[in-house]
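Work through the exercises below with the model open. Try each task before reading its solution.

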Amino acid sequence: MPPLKELAKRPERLTSGHRLCAGCGAPIAIRLILAAADKPVVAANATGCLEVSTTIFPYTAWNIPWIHSAFENAAATITGVETMYRAKKKRGEIDEDIYFVAFGGDGGTYDIGLQSLSGAWERGHRFVYVCYNNEAYMNTGIQRSSATPLGAWTTTSPVGKVLPGKTQWRKNLTEIAVAHDIPYVAQSVPSNWRDLTLKAEKAFHTEGPAFLNVLASCNRGWRHLPADTLKVNQLAVDCCIWPLYEVENGEYRLTYKPREKKPVEEWLKVQGRFQHLFSPAYRYLIDEFQAYVDREWERLLEKCGETKK
Amino acid sequence: MERILMKGNEALAEAAIQAGCRFYFGYPITPQTEISEYLSRRLPEVGGVFLQAESEIAAINMVYGAASTGVRVMTSSSGPGISLKQEGISYLASAELPCVIVNMSRGGPGLGNIQPAQSDYFQATRGGGHGDYRTLVLAPSSVQELVSLTHRAFYLADKYRNPVKILGDGMLGQMMEPVTWEAVELPSLPPKNWAIKGKNEGERKFILCMELDPRELENFNRKLERKYQQMAEEDSAWEIFGEEDNPDLLLVGFGTVARILKSVVREGKKEGWRLSLIRPITLFPFPYNEVQEMAQKAGKVLVVEMNLGQMVEDVKLGVEGKAPVHFYGRVGGMIPTVDEILQKIADILRGEGRK
């Protein structure tokens with residue numbers, strides 16, 4: 001990876017002037033990822049905050065070729081573009097090496113877009129799929145998704161006498177990607193720019209499908225101050241709720257190990273969406289949350305060969 | 001009698017609960033997400049089930065499953081989401097399963113925008129999916145009517161064993177109006193002997209939507225046809241507003257546009273024009289006869305829609321060439337104003353309006 005000074009000199013591919021909220025984690029992640037591409041990039045975008053807020057016609061914040069069609073099919077759309085490119089290259093109509101990337105939120109990736117993503121992985125297209133995961137449908141106003149963690153308040157997992165917010169644990173999409181046996185899968189977070197940039201560079205250099213699952217906070221939905229985005233994101237990593245790891249050709253590697261594994265409470269307490277968990281009636285959910293995290297973390301350490309023998 | 005200021009989407013959701021709907025399968029899309037949000041809070045309170053699916057396709061097929069057991073069930077969406085549901089809606093119509101499908105439609109085609117439009121008229125009234133089938137389509141024009149027609153939608157769904165669509169738009173879903181909550185009386189319905197309840201009682205039941213023998217499938221299609229004819233005979237609904245006899249011009253509009261046309265009728269009076277409005281409340285079945293009768297009285301017809309001209313085709317089918325039919329449409333989420341329509345009427349009455 002080139003030094004930061006060099007990276008900073010690369011042209012901005014997602015420019016200022018977009019209308020994403022102050023404190024949104026998504027554009028931070030996208031800019032870091034695109035800065036890691038050392039060749040031209042073509043992007044597809046699923047419907048969502050990122051798509052809507054960056055492309056209010058006749059304006060666009062994208063300095064690269066960009067395509068959007070619907071909500072459930074960013075992976076299929078980039079498949080079409082990448083296939084056209086390979087055909088043209090084969091016929092000698094294009095010489096240049098071009099990277100292809102698809103961006104989707106967790107709704108467009110974990111839920112409605114999973115079918116087309118799975119298809120594209122299985123066919124083995126050379127593309128990077130980036131899920132900017134803010135753990136709910138934020139564009140329509142904070143509805144639960146299968147990436148929303150246990151106990152989180154959303155407008156469709158309400159908190160009251162009957163319900164304690166979302167009653168299910170989140171889907172582990174990163175492991176679903178690994179199960180497709182694609183050459184590169186990684187989890188990252190914008191608060192660790194170096195980790196994210198390195199993984200993005202590896203993803204772009206991968207001959208075949210690569211998947212980056214990037215936790216990117218939405219302060220409107222998570223209910224924290226806009227200035228705290230990176231702090232809240234990093235806490236998820238330090239509480240081992242969002243471990244930073246990669247799987248290269250089936251080989252697991254932990255890319256960041258917190259010096260001290262913090263209790264999940266520290267992450268939960270800084271977000272309004274979990275405040276009800278601190279009332280006596282729902283405190284048991286914090287223990288369940290911790291148990292889920294511990295179990296996933298232990299399994300991951302084992303896969304990464306990090307467990308003490 | 002309780003009178004409450006309510007948002008259209010929330011009033012519809014509450015009306016569904018009062019109509020006995022205990023199962024709702026949704027997926028977020030603007031401008032109807034409040035229906036999901038409201039029901040996620042309210043359904044658990046009344047022992048019902050709110051379920052957010054992973055896609056609209058999943059949601060409509062959940063409706064198929066629940067409707068097979070004979071319960072009252074609803075889903076809601078907008079434009080792009082309704083398109084994704086079409087395969088399931090065709091299957092529901094074929095399996096003759098009652099359910100209510102709400103479309104708070106928005107500007108299209110494609111992703112379009114989230115402003116109100118009536119551009120899903122064709123999709124709603126012609127079935128929408130593949131095959132020869134129709135769904136009843138109710139077109140509310142106020143928040144109060146979102147309530148009454150939701151009750152009616154569940155009743156009609158059960159009466160005909162057929163999906164019923166409520167075709168609103170972003171404006172009706174998002175606006176707030178006072179709603180009077182009163183007991184709704186609807187005719188009684190026969191028991192759902194066809195429903196599969198897994199109780200091992202009575203004869204073995206089948207709910208099918210496949211018939212490989214073409215003769216049998218033709219018989220089935222004829223049966224559906226008779227059902228659609230019965231809908232037209234017994235359940236088409238409309239409202240007439242303004243001049244009943246000898247109007248100078250007949251206005252035709254549904255939903256949001258009909259509200260504007262009522263203002264046009266009133267303003268037209270100040271110009272000395274005798275205007276009449278017919279507002280189809282059921283878009284399928286469409287009140288063809290009543291439109292023709294009124295059109296013959298008026299001699300001139302103006303259809304106003306928030307699309308490029310969809311219901312105007314049904315109006316022409318109804319009028320059968322007995323009066324010239326003019327059209328005025330705004331699209332893309334733009335809402336026609338009273339002044340624009342008055343101008344159009346002035347042109348027609350002066351003989352300058354293009355048909």
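The exercises that follow treat a pocket and some backbone features of this predicted model.

**Exercise 1.** Describe the second largest pocket and its lining.

Solution. 
- Start with size: the volume is about 510 Å³.
- Next, find the residues at the centre. The lining has 23 residues, and B:S94, B:C209, B:M210, B:L217 and B:F220 are the closest to the pocket centre.
- Then assign elements. Helix 4 (79–94) and helix 8 (214–234) of chain B each supply at least two lining residues. Helix 8 of chain B gives the largest share, five residues.

**Exercise 2.** Locate the cis peptide bonds at B:P31 and B:P109.

Solution. 
- B:T30 and B:P31 are joined by a cis bond with omega about 5 degrees. B:P31 lies in the loop between strand 2 (23–26) and helix 2 (33–45) of chain B.
- B:G108 and B:P109 are joined by a cis bond with omega about 0 degrees. The loop holding B:P109 runs between strand 5 (99–105) and helix 5 (121–125) of chain B.

**Exercise 3.** Is B:E96 buried or exposed?

Solution. 
- Check the backbone: phi is near 55 degrees, positive although B:E96 is not glycine.
- Apply the cut-off: buried means under 20% relative accessible area. B:E96 has 8% relative accessibility, so B:E96 counts as buried.

**Exercise 4.** Classify the accessibility of A:R223.

Solution. 
- A:R223, not a glycine, has a positive phi of about 65 degrees.
- A:R223 sits in the loop between helix 9 (219–222) and helix 10 (229–238) of chain A.
- Relative accessibility is 35%, so A:R223 counts as partly exposed.

How values were computed: Residues are numbered from 1 along each chain as its sequence is written. Chains are lettered from A and ligands numbered from 1 in the order in which they are written. This is a predicted model: local features need pLDDT of at least 70, side-chain atom pairs count only at pLDDT 80 or more; totals for chains, interfaces and linings use all residues. Side-chain values use heavy atoms; hydrogens and water are left out. On a 1 Å grid over the protein atoms alone, a cavity is a set of points where a 1.4 Å probe fits but cannot get out, and a pocket is an open set with protein on both sides within 12 Å along at least five of seven lines; lining residues have an atom within 4 Å of a point. Grid points are joined across faces, edges and corners, and a volume is the space filled by probe spheres set on the points. Helices (H or I, at least four residues) and strands (E, at least two) are DSSP runs, numbered from the N terminus. Buried means under 20% relative accessible area, exposed over 50%, partly exposed in between (1.4 Å probe, protein chains only).
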